[in-house]
Amino acid sequence: MAETHHSIDAQLRALAPGKVSEDDKLVEYDALLVDRFLDILQDLHGPSLREFVQECYELSAEYEGDKDKAKLSELGTKLTGLAPADSILVAGSIHHMLNLANLAEEVQMAYRHRSKLKSGNFADEGSATTESDIEETLKRLVSDLGKSPEEVFEALKNQTVELVFTAHPTQSVRRSLLQKNAKIRNSLKQLYAKDITADEKQELDEALQRQIQAAFRTDEIRRTQPTPQDEMRYGMSYFHETIWKGVPKFLRRVDTALKSIGINERLPYNAPLIRFSSWMGGDRDGNPRVTPGGDKRCSLAGPHDGCKLVHLSDRELMFELSCACTDDSCSS
């Protein structure tokens with residue numbers, strides 16, 4: 001069996017185990033994802049390509065660790081000797097491995113955050129800034145900065161965070177690939193659940209392999225230029241998949257955090273804590289495809305999608321609030 005090669009970040013952590021906290025599972029997560037991907041790569045393109053990609057990955061890690069220019073030169077020689085078609089395949093493989101490393105890190109961050117919430121302490125001091133949550137922030141305002149709970153509550157009621165959707169995001173990832181990445185994250189989290197059975201673990205492992213292969217075989221590049229209406233649809237997909245349920249969850253978390261500092265009152269429903277705006281479809285930078293008619297269609301798309309989401313939520317609410325009558329007052 002081929003030797004396992006972890007990501008660059010995982011190898012660096014192995015070189016400095018004293019700086020890795022006991023609850024750090026990044027190396028384990030990353031090794032699993034990379035191993036599964038290399039198995040898939042071997043099935044699709046043979047053992048020689050798998051070995052070549054592993055060697056390139058290992059050389060990159062070694063150069064990152066000790067900055068040995070001989071390693072960099074060796075890596076360059078390997079890559080420049082490839083045929084154009086093979087270069088694309090190798091580059092895509094390494095890119096996918098790096099993407100899997102990012103997914104492993106996201107799962108690790110979520111794991112450490114849950115561990116911190118259970119124990120009441122950060123996994124390590126270096127993560128305190130990035131892992132702090134709204135509850136801890138409010139407590140620090142009261143305990144460290146001397147603000148009263150009432151001052152914090154009034155400030156929250158009168159502040160607004162406005163998130164603007166742009167037509168040209170700095171990192172444009174296809175919606176289909178975002179969905180596949182989310183499935184990989186979920187499968188990885190479930191695979192390491194404490195109450196999982198052996199059969200469930202095998203089924204999740206097989207599902208993880210299918211999801212990794214599906215992501216690898218998905219074209220990351222849009223082959224046609226998106227229209228302003230396409231850009232609007234891409235932006236609205238975040239509302240459907242994340243924002244519509246994520247924002248209420250966050251606002252409930254704010255209410256819970258307020259209780260932790262002694263405020264037994266919810267934020268008013270009309271408090272503009274989070275607001276969204278957009279200039280998708282209205283980018284007046286000389287794009288000939290942006291027209292007044294297109295602006296109108298994009299402007300109507302947001303309210304139209306919002307109405308559909310409200311309608312679906314109303315239907316769910318009808319079932320949640322269903323109840324049986326126990327007296328004559330229901331029929332009066």
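Modeller: Helix 7 (residues 134-143) packs against helix 8 (residues 149-157) at an angle of about 130°, and their axes are 9 Å apart. This is a predicted model, in which local features need pLDDT of at least 70 and side-chain atom pairs count only at pLDDT 80 or more, while totals for chains, interfaces and linings use all residues. Residues are numbered from 1 along each chain as its sequence is written, and side-chain values use heavy atoms, with hydrogens and water left out.

Helices (H or I, at least four residues) and strands (E, at least two) are DSSP runs numbered from the N terminus. Axes are lines fitted to C-alpha atoms, for helices over the stretch in contact, and angles run from 0 to 180 degrees between N-to-C directions. Because of their angle, helix 7 and helix 8 are oblique to each other (under 35 degrees is roughly parallel, over 145 roughly antiparallel, 65 to 115 roughly perpendicular, the rest oblique).

On the helix 7 side, Leu-138, Leu-141 and Val-142 meet Pro-149, Val-152 and Leu-156 of helix 8, where contact means heavy atoms within 4.5 Å. By class, this contact has six nonpolar, no polar and no charged residues (Ala, Val, Leu, Ile, Met, Phe, Trp, Tyr, Cys and Pro are nonpolar; Asp, Glu, Lys and Arg are charged; the others, Gly among them, are polar).

The axes of helix 2 (residues 26-45) and helix 3 (residues 47-66) come within 7 Å and cross at roughly 140°, so helix 2 and helix 3 are oblique to each other. Their contact includes Leu-38 and Asp-39 of helix 2 and Val-53 and Gln-54 of helix 3. Its residues divide into five nonpolar, three polar and two charged.

Helix 3 also packs against helix 4 (residues 69-80), at about 155° with the axes 8 Å apart. Helix 3 and helix 4 are therefore roughly antiparallel, and helix 3 passes helix 4 in a left-handed crossing. Among the residues that meet are Phe-52, Glu-55 and Leu-59 in helix 3 and Lys-69, Leu-72 and Leu-75 in helix 4. That contact divides into seven nonpolar, one polar and six charged residues.

These helices belong to a protein with 12 helices and two strands. Of its 332 residues, 30% count as buried (under 20% relative accessible area; exposed is over 50%, partly exposed in between, with a 1.4 Å probe and protein chains only).

Two residues show the terms at work. His-96 is in helix 5 (residues 84-119) and is buried, because its relative accessible area is 4%. Leaving out residues up to four places away in sequence, His-96 touches Phe-37, Ile-212, Ala-215 and Phe-216. Leu-163 lies in strand 1 (residues 161-165) and is partly exposed, because its relative accessible area is 39%. With the same exclusion of residues up to four places away, Leu-163 touches Ile-274, Arg-275, Phe-276 and Ser-277. The C-alpha atoms of Leu-163 and Arg-275 are separated by 6.3 Å, although the two residues are 112 residues apart along the chain.

Notes
A crossing is left-handed if the near helix is turned anticlockwise from the far one by less than a right angle, and right-handed if clockwise.
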